[in-house]
Amino acid sequence: MENYVDFLVKKKITGGDAAKMAVVAIALVFIVASVGLWLGLASAFVVLVFGGYVAWLAITSITREYEYVVINDHMDVDEIIAGRHRRRLCGFDFGSMEICASVHDNDKNAEMKRKFTKRYDAASDPNAENARFAVFSGEEGIGLLVFEPNEKILDAMKMYVKSKVF
């Protein structure tokens, strides 16, 4: 019997993300106005259409979603960028996991302050109420995953490594 559970979390837009969107919009207005003054109205319209498309791509690429997939004793975390592109952030077997606990658990929080080869932030907000961290050994060394699993994901993890999930 195969155990399969998945869950999707949308990253919240931060102040830095909003600033990036504003910079892109201001740059587009500046470029269109400059071209309009320099080459004329027809050229400005072409630049507006092309620049608008590029700005739309840039602004929408700021939106991120994270998908957690558990298949038997393996977990994969994918990042979905603007609903158009998917890339694998990390994957690990539960046997290589050292600990999984809440980021707000003061007793286990010292584990997050260790030195890691790779850190993966796959939560809507790293300080969210149900944010958790997992420390695991992978191909690139020891990794830290900050994520927001639901109860089904946690139950699937506990099925294989109950002593490591807090």
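Which residues make a nonpolar surface patch of about 390 Å²? The patch is made by F45, V46, L48 and V49. The model is predicted.

**Surface patch**
- One of the patch residues is V46, which sits in helix 2 (residues 41–60).
- V46 has a relative accessible area of 54%; because exposed means over 50%, V46 counts as exposed.

**Helix 3**
- Helix 3 spans residues 151–161, and its buried residues are I153, L154, A156, M157 and V161.
- These residues cover an arc of only 160° around the axis, so they lie on the same side of helix 3.
- An α-helix has 3.6 residues a turn, so residues three or four places apart point the same way.
- The face turned away from the buried side of helix 3 carries the exposed residues E151, K152 and M159.
- The buried residues of helix 3 pack against several strands, including strand 1 (4–10), strand 2 (64–71) and strand 3 (74–81).
- Strand 5 (97–102), strand 7 (132–138) and strand 8 (141–147) are also among the strands they pack against.

**E79 in strand 3**
- E79 lies in strand 3 and has a relative accessible area of 5%; because buried means under 20%, E79 counts as buried.
- Leaving aside neighbours within four places in sequence, E79 is in contact with R64, E65, Y66, H85, R86, R87 and L89.
- Among these, R64 joins its side chain to that of E79 by a polar contact of 3.1 Å.
- The side chains of R87 and E79 are joined by a polar contact of 2.7 Å.
- V35 is 44 residues from E79 along the chain, and their C-alpha atoms are separated by 37 Å.

Definitions and conventions: Residues numbered from 1 in each chain as written. Predicted model: local features only at pLDDT ≥ 70, side-chain atom pairs only at ≥ 80, totals over all residues. Heavy atoms only, no water. Patch = residues over 30% accessible without salt bridge, like charges linked within 9 Å, V, L, I, M, F, W, Y side chains within 5 Å. Areas by Shrake-Rupley, 256 points an atom, 1.4 Å probe, with all protein chains shown as cover. Salt bridge = Lys/Arg side-chain N within 4 Å of Asp/Glu carboxyl O. Helix = DSSP H or I, 4+ residues; strand = E, 2+ residues; numbered from the N terminus. Buried < 20%, exposed > 50% of the residue type's maximum accessible area, 1.4 Å probe, protein only. Arc of directions from axis to C-beta. Contact = heavy atoms within 4.5 Å. Polar contact = N/O pair within 3.5 Å; in protein donor to acceptor, adjacent residues only side chain to side chain.
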